[in-house]
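Let us walk through this model step by step. Keep the sequence and the 3D view side by side.

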Amino acid sequence: MADGRPPGEYDVTVRAAGMTGRVFEAVVVNPGGHTPLDVRLEPATAALEGLVVDAEGRPLGGAQVRAEPASFSGVAHTALTDAEGAWKLEGLEAGPTSVRARREGSQRWTSRMETLKAGVVTRADFTLADSGSVWGQVTRASGGPLTEPALVHAVPRGGSGTASTETDAQGQFQLELPAGVYQLVALLHQTPAIYFHMESDPFVTVPSGGAVRQDLLLKEDSVLSGVVLEPSGVPSPLAIVAAIQGGDFPMTRKERADEAGQFAMPPRPQGAQPLELVAHNAGRVGRLPAAHEDQAPLTVRLEPAATLRGRVVAGSGAAPEGFTLELLEANGEALPWAGAWPTTRRFAGSTFLLPDAPAQALKVTVRTEDSRTGEAQVTLRPGGTSDVEVPLTGGVASISGRAVWSRGRPRARGGGVPRQGRGRALGRLHRAGRTLPPERRAPGHPHRAAAAAGGPRGDAHREGGGGGGHRRG
């Protein structure tokens with residue numbers, strides 16, 4: 001039991017020795033309440049085995065193999081291959097797992113992802129190519145030394161994946177790579193690793209078992225960068241920063257700030273139009289309407305979050321037993337940080353509390369567990385509290401009435417409409433906005449079925465509650 005937690009939304013990780021851990025995302029803790037969370041853990045009974053060989057298929061003894069849950073929140077397991085290159089790991093957690101292997105004495109890992117299943121042995125073989133190394137000196141275009149360490153990225157020609165290393169304070173680097181041809185580039189630390197290589201970037205051939213020198217010039221293209229600050233003025237770690245481009249080709253690029261609140265967007269062509277920057281961290285939002293690389297480094301100051309509380313109201317029918325709530329822009333578009341931070345949450349009952357809602361105009365949409373829907377508009381102020389009712393206006397509707405045969409006999413219970421000798425059942429059921437054909441309308445009741453000659457009239461109508469069948473609107 002975790003007591004004394006402030007209200008808010010939490011990701012909860014549950015782990016125990018010898019068991020497969022579980023992660024529960026977006027668990028809402030309401031003020032003054034108790035949030036139950038039942039957890040069932042399964043024993044860690046998955047296993048991995050395989051062979052490690054070189055490019056010629058010869059077994060590699062003494063190679064290191066490492067398995068770690070993809071969430072990086074579990075326990076890592078390591079094994080060494082025997083003289084035949086074989087290895088095995090047992091007692092692993094089920095789920096997506098990162099598996100890596102490297103030669104004895106090598107610093108370079110070869111990685112793959114495997115999805116492990118409880119009680120199942122999954123095979124993962126590795127072929128480790130012979131490696132060499134590239135080394136050199138990074139200098140600035142002016143010829144001067146670096147003012148801070150840089151990152152050197154190597155991209156294989158005709159392949160995928162990038163290997164990287166950091167220079168020392170003097171700009172020297174060394175990078176171990178499989179034998180092959182690589183394109184190299186040196187970038188500042190704050191420059192995103194997404195970089196579109198140019199034909200003018202240098203190529204180098206790394207020999208098997210040898211080393212080659214390649215000096216580099218530091219790429220110093222200006223980028224849209226800066227820092228996100230909390231309302232108190234301290235850095236906002238791991239904030240989401242969205243750069244929004246309007247015009248004929250709208251797009252939104254999202255980046256996560258580092259632990260010091262620093263962020264940087266990918267380089268853009270010279271003369272690109274200004275962007276709107278929106279920073280978000282747990283409901284606290286800050287905006288810069290016209291940001292450009294020439295203004296870097298930029299500062300985005302967050303405003304306090306708002307509190308939104310409310311209830312879902314059923315105009316008719318039963319109150320909801322649970323629902324999913326989504327926050328959108330007032331015009332119905334997704335919030336800029338959607339996909340990088342939860343904008344959809346689930347609640348039990350018919351009430352909700354969001355202590356970390358963004359302070360802006362919002363559309364609030366809900367969908368109940370029985371597929372009824374509703375929405376409401378609300379404008380929140382920084383640090384304020386607002387209440388809202390969300391009426392259910394769509395989804396399940398109730399239909400009631402009675403059907404009779406054209407000869408006046410009531411419809412038989414417990415069966416469908418007979419196809420022979422019974423005539424037609426009166427009173428078709430209609431969706432909202434549709435009417436009965438003219439020949440079926442009763443005088444003065446354009447939506448009511450008229451009785452056939454010789455029989456009683458059968459009414460078919462929609463009511464806001466009552467019994468009858470349910471349909472989805």
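This is a predicted model: local features need pLDDT of at least 70, side-chain atom pairs count only at pLDDT 80 or more; totals for chains, interfaces and linings use all residues.

Start with Lys363, which is buried, with a relative accessible area of 16%. Here buried means under 20% relative accessible area, exposed means over 50%, and partly exposed is in between, with a 1.4 Å probe and protein chains only. Lys363 forms a salt bridge with Glu375, and their closest N and O atoms are 3.9 Å apart. The pair links distant parts of the chain: Glu375 sits in strand S33 and Lys363 in strand S32, twelve residues apart. Glu375 counts as partly exposed, at 45% relative accessibility.

Residues are numbered from 1 along each chain as its sequence is written, and side-chain values use heavy atoms, with hydrogens and water left out. Strands (E, at least two residues) and helices (H or I, at least four) are DSSP runs, numbered from the N terminus. A salt bridge is a side-chain nitrogen of Lys or Arg within 4 Å of a carboxyl oxygen of Asp or Glu.

How many salt bridges are there by this rule? The count comes to 17. One of them joins the side chains of Glu90 and Lys88, at 3.7 Å from N to O. Glu90 is exposed, at 56% relative accessibility. Lys88 is partly exposed, at 42%. Asp215 and Arg213 form another salt bridge, with their closest N and O atoms 3.0 Å apart. Asp215 is partly exposed at 38%, and Arg213 is partly exposed at 46%. Salt bridges also link Glu49, Arg123 and Asp125 in a network.

Return to strands S32 (361–368) and S33 (373–379). Arg372 lies in the loop between them. Is Arg372 buried or exposed? Arg372 counts as buried, at 7% relative accessibility. Its side chain reaches the backbone oxygen of Ala318 at 2.8 Å. This is a polar contact: a pair of N or O atoms within 3.5 Å, where within protein one must be able to donate a hydrogen and the other to accept it, and residues adjacent in sequence count only if both atoms are side-chain atoms.

Next comes a sheet. Three strands form an open sheet in the order S24-S21-S27, with mixed pairing. Strand S24 (262–264) and S27 are the edge strands, and each pairs on one side only. Two strands pair if DSSP finds at least two bridges between them. S21 and S24 pair in the antiparallel sense over three bridges. Val227 has Gln262 in S24 as its bridge partner.

Last, look at the backbone. Most residues other than glycine have a negative phi, and most peptide bonds are trans. Leu238 has a positive phi, near 60°. Leu238 is in the loop between strand S21 (225–229) and strand S22 (240–245), and is partly exposed at 37%. Ala282 has a positive phi too, about 55°. Ala282 is found in the loop between strand S25 (275–281) and S26. Which peptide bond is cis, with omega near 0°? The bond from Ala296 to Pro297 is. Pro297 lies in the loop between strand S26 (284–291) and strand S27 (298–301).
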